[in-house]
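Please look over the sequence and the model shown here, and then read the short report that follows.

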Amino acid sequence: HKVNLEDAENYSATMNMVVFPAGVVGALVWGVLGDILGRRAVFNGAAAMIATFGVGTAFVSSYGWLLVTRLLVGFGIGGLTVPFCTFSEFLPPSQRGTNLVCLQVFCIVGALFAHLALQ
C-alpha cells in the first residue's frame with residue numbers, strides 16, 4: 001500500500017528495525033570481503049550500495065519496497081566499518097585509542113545533531 005506523510009512517523013520504528021540489523025549482518029559480510037578482496041574495493045562497493053539504494057528509496061511506490069531499499073542501505077552501512085579499521089592501522093599505537101574514540105564520538109554527536117535539526 002502507498003505511504004503518505006501523515007503515516008511516516010508510525011513507520012519509522014519498522015524502518016529502524018530493518019536498517020540496524022542489516023547493518024550488523026553487513027559489517028560481518030563486508031569485513032570478511034575486505035580480507036579477501038581488499039579494503040578499497042569493499043569500501044567502494046559499500047559506498048556504491050548506500051548511494052544506489054539510498055537514491056532508489058526516493059523512487060519506490062510501496063511500503064514493502066521502501067523496506068527493501070532501506071534494508072539494502074543498512075547492509076551497505078555495515079561496510080563503513082572497514083575504513084574504521086584501515087584508519088586504525090595508520091595511527092601510531094600511542095594515539096590510536098584517543099583518535100578512534102574521537103572518531104566514534106563525532107559520529108554519534110553528528111547523528112544526534114542531525115536528528116535534532118529535523119525536529
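The side chains of glutamate 89 and arginine 39 form it, at 2.9 Å from N to O. Because glutamate 89 lies in helix α4 (residues 81-90) and arginine 39 in helix α2 (residues 39-57), the pair ties together parts that are 50 residues apart in sequence; helices here are DSSP runs of H or I with at least four residues, numbered from the N terminus.

Glutamate 89, at 47% relative accessibility, counts as partly exposed, and arginine 39, with 31%, is also partly exposed. Buried means under 20% relative accessible area, exposed over 50%, and partly exposed in between, with a 1.4 Å probe and protein chains only.

## Threonine 69 in helix α3

Threonine 69 lies in helix α3 and, at 8% relative accessibility, counts as buried. A polar atom of its side chain lies 2.9 Å from the backbone oxygen of leucine 66. Leaving aside residues up to four places away in sequence, threonine 69 touches Phe53, Gly56, Thr57 and Val60, where contact means heavy atoms within 4.5 Å.

## How the model was treated

This is a predicted model, in which local features need pLDDT of at least 70 and side-chain atom pairs count only at pLDDT 80 or more, while totals for chains, interfaces and linings use all residues. Residues are numbered from 1 along each chain as its sequence is written, and side-chain values use heavy atoms, with hydrogens and water left out.

Note on methods. Helices (H or I, at least four residues) and strands (E, at least two) are DSSP runs, numbered from the N terminus. A polar contact is a pair of N or O atoms within 3.5 Å; within protein, one must be able to donate a hydrogen and the other to accept it, and residues adjacent in sequence count only if both atoms are side-chain atoms. A salt bridge is a side-chain nitrogen of Lys or Arg within 4 Å of a carboxyl oxygen of Asp or Glu.
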